[in-house]
Amino acid sequence: MASHAELSPSKAHRWMVCPGSVAACRDIPEPPPGAAAQLGTATHALAEWCLREERVPEERRGEYIKNPDGSQFLCDQKMIDAVKGYLETVYALRSKHDAPVLFVEQRVRPYEAVDSEVYGTADALIVDTLGDMVDVVDLKNGASPVEVEDNHQLMIYGLGGLIEAPHASEVRLTVYQPHARDVGSVGPVRQVSYKAEDLRAWRNEKLTPAIQATKDPDAPRVTGKHCQYCPAFNVCPAHMASVTAVLREPKPLPGVDADALPAPENLTATQLGALLSVLPRFEAWSRAVRDFAKARILAGQDVPGWKVGDGRRTYSWENEDEAEATLKSLFPADWVFERKLTTPAKIRARMKASPADVRDRVEELIRCDRSQTVVPDFTPTGESAIDVFKEPEI
Ligand code: SF4
């Protein structure tokens, strides 16, 4: 039987499209979570505590939220605001039910069978013992907008809700993403509803065949934006062929070797658009090449012409409490502590409840410089080429 990691709902966007990825990734360790994913884990832990204990995030202000992997993150105003918005979303949805039951961090599966090899954990699941609606709420802490339409992870969670409430006729899927950038008026809450019969039809016609396809030892490898965080991407011939193929499409570039990198001004508009959408995969691949080479050299193996050198040094206190006590006993206070002017971002967060004239006075002090960058053209219709899985989400 496949493991949870192989067929998890959060990776369904990959294995449902590329059935060969399951076998391709089987012996490749998942890279350790980055800081963004770790922060997401801490934020989820705070949210879970609030929902289970019926508490508010402000009670944990200033505390470090510890993750199972040892990383820890300060419960600051930004984390508090994120969790508060999520709680408000969950409670507002719960209030629409007649007899709601709220499940927090609930393990769900899309099939009746308790040994379903596809299962995951829904952040919040609301079923109604009297009503027809099931609600699934997913907290996303990343900045890349997560599309709610046709989101396989959420659809699997929705099917899990229907296992808990088989009498329901509708499933509402909600993403709460407080830090989503460039979503304009769409805002942090995105929602879609499915009829229960449509979700079950999707399971029978799409999900079940996709699971079966992963069992085939010759399952094809199908490339796309889902390759970006595939652990096999830097050893996958299909992925690399697709990346270089972009330079040949829609027709070969005149006078340009497809294996050389053409100057941007030689690219057509279509090629520019296509390249921008695969650029994160180039970048991720180059990082993986560098990391792999470093690991190889550190393991004592040769990479001709390269060695591992010292990087920039950073210093930090082993134990901040102990350092503070010792430093205070040795030095004057102004050596130990620094008074620094707070940042505009912090003061704006703190003064939310201040009178309007106070806020106006402070706003006049703030200068806003904004750089411009190329971003996906996000539209609520889901027609954009936005990379919905650009950052691993928790
Ligand atoms: S890199 Fe892409 S094509 Fe290759 S196995 Fe992974 S998802 Fe499939």
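## Pairing of strand S4

Three bridges join S4 to strand S5 (residues 133–139), and the two run antiparallel; strands pair if DSSP finds at least two bridges between them. Strands here are DSSP runs (E, at least two residues), and helices are runs of H or I with at least four residues, numbered from the N terminus. In S5, Val137 is the bridge partner of Ala124. Four residues lie between S4 and S5, which form a hairpin.

Strand S3 (residues 100–108) is also antiparallel to S4, with eight bridges joining them. Asp128 in S4 stands opposite Pro100. Seven of the nine residues of S4 (residues 120–128) are buried, so this strand is largely enclosed by the rest of the structure. A residue is buried if 20 or more other C-beta atoms lie within 10 Å of its own, exposed if 12 or fewer, and partly exposed in between, with C-beta atoms placed from the backbone.

## Model and chain

This is a predicted model, in which local features need pLDDT of at least 70 and side-chain atom pairs count only at pLDDT 80 or more, while totals for chains, interfaces and linings use all residues. Residues are numbered from 1 along each chain as its sequence is written.

The protein chain has 12 helices and seven strands. Of its 394 residues, 27% are buried.

## Nonpolar core

The largest nonpolar core has 60 residues; such a core is a set of buried Ala, Val, Leu, Ile, Met, Phe, Trp, Tyr and Cys residues joined through C-beta atoms within 7 Å. Those with the most contacts inside this core are Leu46, Ala47, Val83, Tyr86, Val136 and Val171. Leaving aside residues up to four places away in sequence, Val83 touches Thr43, Leu46, Ala47, Cys50 and Pro57, a contact being C-beta atoms, placed from the backbone, within 7 Å.

## Ligand shell

Of the 16 residues around the ligand, Cys18, Cys227, Cys230, Cys236 and His239 come nearest; the criterion is a C-beta atom, placed from the backbone, within 6 Å of the molecule. Helices H2 (20–25) and H7 (237–245) each supply at least two residues of this shell, and H2 gives the most, with three.

## Positive phi angles

Glu54 is a non-glycine residue with a positive phi, near 55°. Glu54 sits in the loop between helix H3 (35–53) and strand S1 (64–66), and counts as exposed because it has 8 C-beta neighbours inside 10 Å.

Glu105, also not a glycine, has a positive phi of about 45°. Glu105 lies in strand S3 and, with 15 C-beta neighbours inside 10 Å, counts as partly exposed.

How values were computed: Contact = placed C-beta atoms within 7 Å.
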